[in-house]
Amino acid sequence: MTTIKHTGAVRVLLILTCLVVIMAGIKTASNILIPFLLSVFIAIMCNPLVTKAEQYKVPKALAIVLIIALFVGIGMTLAGLIGNSLNELSLLMPEYKAQITQKFAGLIDKLADYNINVSSKLLVQYLDPSAAMGFAADMLSGFGGIMANVFLILLTVVFMLFEASSISGKLHLALKDPEMKIERIDRFLTSVNQYVAIKTWVSLLTGTLVSVMLWVIGLDFFILWGVLAFLFNYIPNIGSIIAAVPAVLLAFVQFDPSVALAIGAGYMVINTVIGNMVEPRFLGKGLGLSTLVVFLSLIFWGWLLGTVGMLLSVPLTMIIKIALESSEEGKWLAVMLGDEDEVEDKLKPENELKPDNEPS
């Protein structure tokens, strides 16, 4: 019998073929996979609360019921407020477009003074704030459509919370060599749990501050934009910018450019304080993902899983990176996904050793 030698090119082609098959399977099973991912996400958020309640001698079953009831109550209240806001926004959209045309008329007159002739219809077509507001509304509507399976999601969350304490042990027993893998498994579970839990509370703080700021200013649908800020805060670097655009453009339509700039500055202050002071204090040095990887993961997971994929793009990519770091064959790809600080930290010991090895 002849043996086939797998060259580097053949191996890459095999890996790419497997990836295509896996992505096709994920795309096909997205209707089942998306509720499952949401269940995992919610369970990770709720598990620290269950653990805390158990420390106060609260029975686990009672703690889970109370936390799920609280989660459902908050979710239903927000869903009602968001639904009403989306309905009102769709009704007011024609009025906003008329106000946009009127505001742009003054800008067109000023441009005409400098012999720059611009069509009002063309300007409105390319600089239409309603498009950005419509995008935000579509995102929230798509997320609401997924939450239609709320009973299945909550039931899955309940079972996950009951099984949460034994997941680590099951993974150890499932591996053939648990002594070698135990540290990697614990690091994997701890990293994912810590990131999602802390990011949730930080995002909640961001959304609350945004809603309060917009409520003080008097912007329409301030709760809607606060929820959008909460959701998009899971996307580092660019999520806060995307969340701010609809609110800033609505302020331009509802008030004037100075108020829009003030709201933009408020978003910048909130996200700077949260992102550079509060979040690093709890999350440590950072995500360990480069900015390019964060952006590409947003596009990739959004294409693969839709709205939920965009919101969970960073946690999902972190899971893949941690899993790759635990594999000798995948470490090189984990390095490629890492950020500059991580690379510098790994190279620093080598650079520090060089002077000691040089002959005196």
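Me: Which residues lie nearest the centre of the largest pocket, and how many residues line the largest pocket?
Reply: F71, I74, G75, L78 and F230 lie nearest the centre, and the lining has 40 residues. On a 1 Å grid over the protein atoms alone, a pocket is an open set of points with protein on both sides within 12 Å along at least five of seven lines, whereas a cavity is a set where a 1.4 Å probe fits but cannot get out; lining residues have an atom within 4 Å of a point. This is a predicted model, in which local features need pLDDT of at least 70 and side-chain atom pairs count only at pLDDT 80 or more, while totals for chains, interfaces and linings use all residues. Residues are numbered from 1 along each chain as its sequence is written, and side-chain values use heavy atoms, with hydrogens and water left out.

Me: How much space lies in the largest pocket, and which helix gives the most to its lining?
Reply: A volume is the space filled by probe spheres set on the grid points, which are joined across faces, edges and corners. For the largest pocket this is about 1,300 Å³. Helices (H or I, at least four residues) are DSSP runs numbered from the N terminus. With 13 residues, α3 gives the most to the lining; α2 (30-55), α3 (60-113), α5 (129-146), α6 (150-174), α7 (178-217) and α8 (222-232) each supply at least two.

Me: How many cavities of 30 Å³ or more does the structure hold, and what lines the largest cavity?
Reply: There are two such cavities, and about 40 Å³ of space lies in the largest. Its lining includes T206, V210, Y267 and N271, and divides into five nonpolar residues, five polar and no charged. The helix that gives the most to this lining is α9, with three residues.

Me: Where does α9 bend, and why does its length agree with expectation?
Reply: The expected span of a helix is 1.5 Å times one less than its number of residues. The 16 residues of α9 (residues 239-254) should therefore span 22 Å, and the end C-alpha atoms are 24 Å apart, which agrees. A bend is the angle between axes fitted to the seven residues ending at a residue and the seven starting there. In α9 the bend is about 30 degrees at V245, and the proline P246 follows within four residues. Buried means under 20% relative accessible area, exposed over 50%, and partly exposed in between (1.4 Å probe, protein chains only). P246 is among the buried residues of α9, as are A243, A244 and A247.

Me: How many aromatic pairs does the structure hold?
Reply: Rings of Phe, Tyr and Trp (its six-membered ring) pair if their centres lie within 6.5 Å; planes under 30 degrees apart count as stacked, over 60 as edge-to-face and the rest as tilted. The structure holds two pairs. F300 and W301 are edge-to-face, at 5.1 Å centre to centre with 75 degrees between the planes. The rings of F300 and W303 have centres 6.2 Å apart and planes at 45 degrees, so this pair is tilted. F300, W301 and W303 form one aromatic cluster.

Technical notes: Ala, Val, Leu, Ile, Met, Phe, Trp, Tyr, Cys and Pro count as nonpolar, Asp, Glu, Lys and Arg as charged, and the others, Gly among them, as polar.
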